[in-house]
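Below is a short note for a colleague who has not looked at this entry before. The points are numbered so that each can be checked in turn.

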Amino acid sequence: MHLDLDLDKIQPTLPKTKLARIDFLLQNENLEIFKKNGDPTKRNAYLKYAQKYRPQILKDNKLLICKVADLDSLYHIVCEAYYTTEIGGEQRVATVFEKNSTKD
């Protein structure tokens, strides 16, 4: 993964939600699969998922985070928050990460 941000420059103005998302991804080691020694099967699955929902942050089959707004895309990709509605076929972002139980 390529990170092209000047953290010293943006950190004072970075919203707390973005900092919390970065912290979440780092603390839960969600970004480990994107390292060279990460699980290639999982990495390829996430890259395929990113290609479907956020192709603009992919370059040469790598996630390219170049601006603060890309952090949201990265977070939603890792959390698998993007989905396509079944009837209308619209692409959306889940706002709640609650598992759907078909038993209820």
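At what angle do α3 and α4 pack, and how far apart are their axes? The answer comes in point 4, after some background.

1. The model is predicted, and the comments below should be read with that in mind. The chain has 104 residues, and buried residues make up 30% of them. Its accessible surface comes to about 7,900 Å², with 49% of that belonging to carbon and sulfur atoms.

2. The secondary structure consists of four helices and five strands. Along the sequence they follow the order β-α-α-α-β-β-α-β-β. Taking contacts between residues at least 6 apart in sequence, 48% join residues at least 24 apart.

3. Nine of its eleven residues are buried, so α4 is largely enclosed by the rest of the structure. The buried residues are Asp-70, Leu-71, Asp-72, Ser-73, Leu-74, Tyr-75, His-76, Ile-77 and Val-78.

4. To return to the opening question, α3 and α4 pack at an angle of about 125°, and their axes are 10 Å apart. The two helices are therefore oblique to each other. The crossing of α3 past α4 is right-handed. On the α3 side the contact is made by Tyr-46, Tyr-49 and Ala-50, and on the α4 side by His-76, Ile-77 and Val-78. By class, this contact has five nonpolar residues, one polar residue and no charged ones.

5. Helix α2 (residues 16–27) packs against helix α4 (residues 68–78) at an angle of about 45°, with the axes 10 Å apart. That angle makes α2 oblique to α4. Here α2 passes α4 in a left-handed crossing. From α2, the residues Lys-18, Arg-21, Ile-22, Phe-24 and Leu-25 take part, and they meet Val-68, Leu-71, Asp-72, Leu-74, Tyr-75, His-76 and Val-78 of α4. The residues of this contact divide into eight nonpolar, one polar and three charged.

6. Which residues does His-76 touch, leaving aside those up to four places away in sequence? They are Arg-21, Tyr-49, Ala-81, Tyr-82 and Val-93. His-76 is found in helix α4, and at 12% relative accessibility this residue counts as buried.

7. Ser-73 is another residue of helix α4. Is Ser-73 buried or exposed? Its relative accessible area is 9%, and because the cut-off for buried is under 20%, Ser-73 counts as buried. Not counting residues up to four places away in sequence, Ser-73 touches Arg-54, Ile-57 and Tyr-82. Tyr-82 is also touched by His-76.

8. Among the strand residues, Leu-63 can be picked out. Leu-63 lies in strand β3 and is buried, with a relative accessible area of 3%. Leu-63 and Leu-47 are 16 residues apart in sequence, and their C-alpha atoms are 7.5 Å apart in space.

9. Most residues other than glycine have a negative phi. Glu-29 has a positive phi, near 55°, and is found in the loop between α2 and α3. Asn-61 has a positive phi too, near 60°, and is found in the loop between β2 (58–59) and β3. A further positive phi, near 55°, belongs to Glu-80, which follows α4.

10. In helix α4, by contrast, nine of the eleven residues are buried.

Technical notes. Residues are numbered from 1 along each chain as its sequence is written. This is a predicted model: local features need pLDDT of at least 70, side-chain atom pairs count only at pLDDT 80 or more; totals for chains, interfaces and linings use all residues. Side-chain values use heavy atoms; hydrogens and water are left out. Buried means under 20% relative accessible area, exposed over 50%, partly exposed in between (1.4 Å probe, protein chains only). Contact means heavy atoms within 4.5 Å. Accessible areas come from the Shrake-Rupley method with a 1.4 Å probe; for residues, only the protein chains shown count as cover. Axes are lines fitted to C-alpha atoms, for helices over the stretch in contact, and angles run from 0 to 180 degrees between N-to-C directions. Angles under 35 degrees count as roughly parallel, over 145 as roughly antiparallel, 65 to 115 as roughly perpendicular and the rest as oblique. A crossing is left-handed if the near helix is turned anticlockwise from the far one by less than a right angle, and right-handed if clockwise. Ala, Val, Leu, Ile, Met, Phe, Trp, Tyr, Cys and Pro count as nonpolar, Asp, Glu, Lys and Arg as charged, and the others, Gly among them, as polar.
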